[in-house]
Amino acid sequence: MTFAQGALAGVKIIDLSRVLGGPYCSQALADHGADVIKLEPLSGDETRGWGPPFEGDDAAYFRGINRNKQGIAVDLSRPEGLELLMQLLEGADVLIENFKPGTLQRWGIGYQEVLSQRFPALIHCGISGFGADGPLGGLPGYDAVIQAMAGLMSVNGEGDGGPLRIGLPIVDMVTGLNALAGILLALNERQRSGLGQSLDISLYDCGVSLLHPHLPNYFAAGQTPKRTGNAHPNIAPYDSYRTAGEPIFLAVGNDRQFARLCQELGAGALLEDPRFTDNGQRSVNREALKQQLEHYLSAHDGALLAPRLIGLGVPCGSIATVDQVVAHPHTRHRGLLVELDGYRGIGSPVKLSRTPASYRTAPPSLGQDTRAVLQGLGLDESTIAALLASGVVHG
């Protein structure tokens with residue numbers, strides 16, 4: 001399955017993770033050429049059932065984050081299953097798992113005690129809810145729970161409403177990206193030392209790390225941040241605004257952009273108003289500014305105004321629905337729509353000039369590649385048949 005031109009060609013990943021953070025990370029690695037073997041329990045990754053909608057036997061949720069992987073199903077609760085895992089690790093560069101902390105030790109293959117001794121160059125990436133120790137150590141973590149506990153919900157929502165979950169699993173996905181970054185850092189360091197290491201990536205840490213600018217604001221002012229709806233706590237105008245047609249979102253980050261906005265709207269009077277002379281004043285007087293801007297915007301259709309403003313250098317966009325994003329010509333131009341053997345997915349946002357991402361195989365069915373992977377380990381047909389018959393593997 002090696003993709004000779006990918007930036008990670010020749011890197012072998014054994015992925016034991018399920019749900020989102022780990023699979024999101026391993027799909028990104030696979031898109032850039034890594035050989036990823038996704039090892040699932042015989043019941044499968046639980047996201048295979050997270051539908052509707054379903055495509056065949058598997059939920060769209062699963063299919064969105066598991067392309068470019070070989071899929072095998074192994075019962076790791078059996079000694080024979082653990083032995084197969086150890087054989088897979090013989091030639092592996094990276095092991096990704098998101099079991100409850102202590103699981104590998106309970107199985108007798110802890111990183112420090114066994115894996116680092118037997119495979120000194122192996123990079124182990126353990127993803128967990130809260131890490132292994134501390135007041136919350138070892139507890140299970142889920143995206144929405146971490147959004148609540150890490151403060152993200154407290155700053156999301158309208159000022160006069162309650163806390164809201166961000167409408168996508170941002171903690172899981174950022175955890176996957178931090179795992180990706182950590183793996184690449186460890187691979188780079190291994191070129192000098194020849195040694196692997198263990199990565200401790202927790203959802204809680206990643207959730208707290210997202211609290212910018214709210215934590216810096218709290219450190220500086222000592223005031224607990226409040227919900228501001230679509231408005232930015234530090235910048236104005238930076239909010240959604242009504243127009244005569246579709247609403248728009250303005251993200252005006254400096255005085256030059258504000259001047260261009262006012263000129264285009266025929267709102268030159270705002271430039272002379274002392275309440276709006278710079279960002280500091282505009283932020284303090286944001287409600288008055290919003291009223292004034294919406295007065296001028298009421299003469300414009302947002303759908304027509306937004307492209308004109310951004311063309312003038314004023315950051316502005318209409319508020320698109322998902323179907324509109326898919327239909328937008330720039331989405332396809334940027335290679336963000338992947339179509340492969342009946343599979344459709346989101347393309348990689350990382351564009352490398354010489355070694356671009358590639359999309360080679362659709363997400364595997366449960367145990368689709370079990371036999372091929374076992375053959376690659378050198379097992380003969382009678383041994384493979386015995387493993388299948390005894391229920392150690394499925395395929």
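User: Which elements do the buried residues of helix 1 pack against?

Analyst: They pack against strand 1 (12–15), strand 2 (35–40), strand 5 (69–74), strand 6 (94–97), strand 7 (123–128) and helix 7 (170–193). Packing here rests on contact, meaning heavy atoms within 4.5 Å. Please keep in mind that this is a predicted model, where local features need pLDDT of at least 70 and side-chain atom pairs count only at pLDDT 80 or more, while totals for chains, interfaces and linings use all residues. Residues are numbered from 1 along each chain as its sequence is written, and side-chain values use heavy atoms, leaving out hydrogens and water.

User: How do you know what counts as a helix or a strand?

Analyst: Both are DSSP runs numbered from the N terminus: helices are H or I with at least four residues, strands are E with at least two. By that rule the chain has 18 helices and 14 strands.

User: Why is helix 1 called largely enclosed by the rest of the structure?

Analyst: Buried means under 20% relative accessible area, exposed means over 50%, and partly exposed is in between (1.4 Å probe, protein chains only). In helix 1 (residues 21–31), 9 of the 11 residues are buried, so the rest of the structure largely encloses the helix. Among the buried ones are Gly-21, Cys-25 and Leu-29.

User: What makes Leu-309 count as buried, and what is it in contact with?

Analyst: Its relative accessibility is 0%, so Leu-309 counts as buried. The residue lies in helix 14 (residues 302–311). Leaving aside neighbours within four places in sequence, its contacts are Ile-248, Leu-250, Leu-261, Glu-264, Val-314 and Cys-316.

User: How many aromatic pairs does a search of the whole structure find?

Analyst: The search finds 5. Why is the pair of Phe-99 and Trp-107 edge-to-face? The ring centres are 5.0 Å apart and the planes lie at 70°, so this pair is edge-to-face. The rule for Phe, Tyr and Trp (its six-membered ring) asks for centres within 6.5 Å, with planes under 30 degrees apart called stacked, over 60 edge-to-face and the rest tilted. Phe-99 is buried at 16% relative accessibility, whereas Trp-107 is partly exposed at 24%. Tyr-218 and Phe-219 also form an aromatic pair, and with 6.3 Å between centres and 55° between planes this one is tilted.

User: Why is Tyr-218 called partly exposed but Phe-219 exposed?

Analyst: Tyr-218 has a relative accessible area of 37%, so it falls in the partly exposed range. Phe-219 reaches 64%, so it counts as exposed.

User: What makes a charge sit over a ring?

Analyst: NZ of Lys or CZ of Arg must be within 6 Å of the ring centre and within 35 degrees of the ring normal. The charged end of Arg-282 sits over the ring of Phe-258, 4.4 Å from its centre. Lys-290 lies over the face of Tyr-241, at 5.5 Å from the ring centre.

User: Is Asn-68 buried or exposed?

Analyst: Asn-68 has a relative accessible area of 0%, so it is buried. This residue is in the loop between helix 2 (60–63) and strand 5, and its phi is positive, near 60°, although it is a residue other than glycine.

User: Why does Asp-341 count as exposed?

Analyst: Its relative accessibility is 71%, so Asp-341 counts as exposed. Asp-341 is not a glycine, yet it has a positive phi of about 50°. Its place is the loop between strand 12 (337–340) and strand 13 (343–346).
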